[in-house]
Structure formats: C-alpha cells, structure tokens
Amino acid sequence: MTVDEALRTRRSVKHFDPAFVLDDAAVGELLAPVAFTPTSFNLQHFRFVVSRTPAMKQALAAAAYGQEQVASCSAVVAVLAKIPAHEDAGRVWHDAPEPLRDSMTRTIAAFYGAAPSLQRDEAIRSGSLAAMAIMLRATELGLDTCPLIGFDDDAAREVLGVPVDHMIVLLICVGRALRPAHPRVGRLNLDELIVTERYDGQPLVSSPK
Ligand SMILES: Cc1cc2nc3c(=O)[nH]c(=O)nc-3n(C[C@H](O)[C@H](O)[C@H](O)COP(=O)(O)O)c2cc1C
C-alpha cells in the first residue's frame with residue numbers, strides 16, 4: 001500500500017468487531033515505526049498507553065460519553081504527550097558529540113524553559129503527528145481506526161493514570177471494522193485549501209528584519 005492509498009482509504013470507523021484480538025506482536029508492529037515520528041528538537045513528547053482489557057475499554061467508553069467504538073475496538077491507544085519534555089534534552093541528546101549536545105541543551109532550555117504555552121503547543125504538535133502516523137500504519141496493516149477527542153479529560157486521566165504534567169492528545173480506537181464508516185461527507189475544495197506564496201494573496205511588501 002502506498003501512502004497515497006493509505007491517506008485516501010483511512011476512515012473513522014464507528015463499529016468494530018469485538019472478537020478481533022490485537023496481540024502484543026501486532027501492537028509492536030503498529031507502534032514501533034511510529035517512534036520515528038519527528039518532534040521538535042527530537043524531544044519525543046509522545047507516549048502511548050495501549051488498553052485492551054474489557055474493563056479498561058468500558059471505563060474509557062464511559063469517559064468518552066458512551067461512544068460505542070471505544071468499548072468494541074480491539075485496543076484503545078491513548079496518545080499522551082509529556083508537556084515539560086524539554087527537561088529530557090540531556091537524555092535525548094546524550095550520544096551526540098559533546099559540542100552539539102551542549103549547544104542543543106542550552107538552546108532547548110532557552111526556547112522552552114520559560115514558555116509554558118509553547119511547551120503545551122509542542123506537546124499537542126508532537127502527539128498529533130504521532131497519532132496520524134499510528135492511523136496510517138494501522139491502515140497499512142489492514143486495521144481500522146477512529147481518532148477521538150470526545151471524552152471527559154478528567155475522567156479519562158483518572159482511568160488511564162495520567163500524571164498532571166502529561167496531556168491526553170487523542171484516543172485512537174484500533175481494530176477491525178464490523179461495518180464500514182459512514183459515507184464521506186463533503187470535503188473542502190483543494191482550491192480553498194492550497195494557497196501559493198501568501199494566504200492573503202497580497203504581494204510581499206518588505207522582508208521581515
Ligand atoms: C481531533 C479529532 C477528534 C475526533 N473526535 C471524534 C470523536 O470524539 N468521535 C468520533 O466518532 N469521531 C471523532 N473524530 C473522527 C472525525 O469525525 C472524522 O475524522 C471526520 O468526520 C472525517 O471522517 P473520516 O476520518 O472517516 O475521513 C475525530 C477526529 C479528529 C481528527
């Protein structure tokens with residue numbers, strides 16, 4: 001399957017086969033390549049909690065306002081992100097040559113250290129890119145998915161045991177579709193989505209200093 005096919009055929013499935021099992025090997029196949037998803041300064045904010053027991057899926061479905069696909073899918077992958085991931089700079093750059101490691105850790109501290117909203121933005125960006133990678137990889141493996149943010153954050157945190165300095169970026173139901181997704185509803189026209197050079201269509205007056 002090409003990336004183009006995966007992008008065009010992935011759909012958000014609402015009805016999963018509850019009998020379909022995703023074993024540890026399948027979870028590994030799904031998530032191992034996702035670890036290569038890019039992150040700002042290689043900080044790797046993302047963490048993945050894979051819940052497969054009926055008790056966990058039912059508790060998550062309750063937190064997700066009873067959305068049926070959360071209980072019937074094979075696994076709920078909670079994409080978490082560590083908000084102060086800049087604190088891991090020394091760890092993720094430890095095997096770089098010393099001058100590079102020192103300059104990266106200094107730059108990362110200066111960039112994120114006093115900027116909590118930027119830390120949070122980065123956590124969302126990193127988690128979102130990883131979430132898309134999971135859905136594409138699942139499609140390639142013949143699996144179906146449904147991303148969702150329709151859940152009560154406090155309740156889902158409680159169920160999943162998420163610490164306060166991490167966020168739940170998205171839950172992704174993974175499994176085998178029992179019924180196909182609803183027919184696609186209208187997509188915005190590419191003419192509206194793709195703009196060349198400047199969004200406002202105006203000429204560049206002067207370069208920023
Ligand atoms: C950030 C995000 C949140 C979503 N939340 C939910 C949700 O709570 N429940 C649900 O059934 N689908 C949810 N979806 C799926 C969207 O409804 C779906 O992607 C959209 O309608 C387009 O359909 P498609 O994914 O089948 O192409 C979500 C998708 C995204 C990207």
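From the N terminus on, the elements run α-α-β-α-α-β-α-α-α-β-α-β-α, which comes to nine helices and four strands; helices (H or I, at least four residues) and strands (E, at least two) are DSSP runs, numbered from the N terminus. This is a predicted model, in which local features need pLDDT of at least 70, side-chain atom pairs count only at pLDDT 80 or more, and totals for chains, interfaces and linings use all residues. Residues are numbered from 1 along each chain as its sequence is written.

**The chain as a whole**

- Along its principal axes, the C-alpha trace spans about 55 × 45 × 35 Å.
- Of the 209 residues in the chain, 30% are buried; that word applies if 20 or more other C-beta atoms lie within 10 Å of a residue's own, with exposed for 12 or fewer, partly exposed in between, and C-beta atoms placed from the backbone.
- Among contacts with a separation of 6 or more, 80% come from residues 24 or more positions apart; a contact here needs C-beta atoms, placed from the backbone, within 7 Å.

**The sheet**

- Four strands form an open sheet in the order S1-S2-S4-S3, with antiparallel pairing; two strands pair if DSSP finds at least two bridges between them.
- Strand S1 (46-51) and strand S3 (144-148) stand at the edges with a single partner strand each, so one side of each is left without a neighbour in the sheet.
- From one strand to the next, the twist averages 25°; axes are lines fitted to C-alpha atoms, for helices over the stretch in contact, and angles run from 0 to 180 degrees between N-to-C directions.
- S1 and S2 run antiparallel and are joined by six bridges, and one place to look is Ser 51, whose bridge partner in S2 is Val 76.
- S2 and S4 pair in the antiparallel sense over eight bridges, and Ala 78 stands opposite Leu 171 in S4.
- S3 and strand S4 (residues 166-175) are antiparallel too, paired over five bridges; here Cys 146 has Cys 173 in S4 as its bridge partner.

**Strand S2, covered on both faces**

- Eight of the eight residues of S2 are buried, so this strand is largely enclosed by the rest of the structure.
- In a regular strand the side chains alternate between the two faces of the sheet.
- On one side of S2 you will find Ala 75, Val 77, Val 79 and Ala 81, and on the other Val 76, Ala 78, Leu 80 and Lys 82, all buried.

**Helices against the sheet**

- Helix H7 (residues 116-140) packs on the sheet and touches S1, S2, S3 and S4, its direction making about 10° with that of S4.
- H7 has 25 residues and reaches 36 Å from its first C-alpha to its last, close to the 36 Å expected at 1.5 Å a residue; the expected span is 1.5 Å times one less than the number of residues.
- Buried residues of H7 include Gln 119, Glu 122, Ala 123, Ser 126, Ala 130, Ile 134 and Met 135.
- After H7 comes Gly 142, with a positive phi near 80°.
- In H3, the buried residues include Lys 57, Leu 60 and Ala 63, and their cover includes S1, helix H4 (68-72), S2, helix H8 (153-160) and S4.
- Just after H3, Tyr 65 takes a positive phi of about 55°.

**Around the ligand**

- The residues around the ligand are Arg 11, Ser 12, Lys 14, Gln 67, Cys 146, Pro 147, Leu 148, Ile 149, Gly 150, Leu 170 and Ala 181; a residue counts as near if its C-beta atom, placed from the backbone, lies within 6 Å.
- S3 gives the most to this shell, with three residues.
- The shell divides into six nonpolar, three polar and two charged residues, where Ala, Val, Leu, Ile, Met, Phe, Trp, Tyr, Cys and Pro count as nonpolar, Asp, Glu, Lys and Arg as charged, and the others, Gly among them, as polar.

**Loop and tail residues worth a look**

- Gln 44, in the loop between H2 and S1, has a positive phi of about 50° although it is not a glycine, and counts as buried with 20 C-beta neighbours inside 10 Å.
- Glu 197, in the segment after helix H9 (190-193), is not a glycine either, yet has a positive phi of about 65°; with 9 C-beta neighbours inside 10 Å, Glu 197 counts as exposed.
- Val 21 lies in the loop between helix H1 (3-9) and helix H2 (24-31) and is exposed, with 12 other C-beta atoms within 10 Å.

Key. Contact = placed C-beta atoms within 7 Å.
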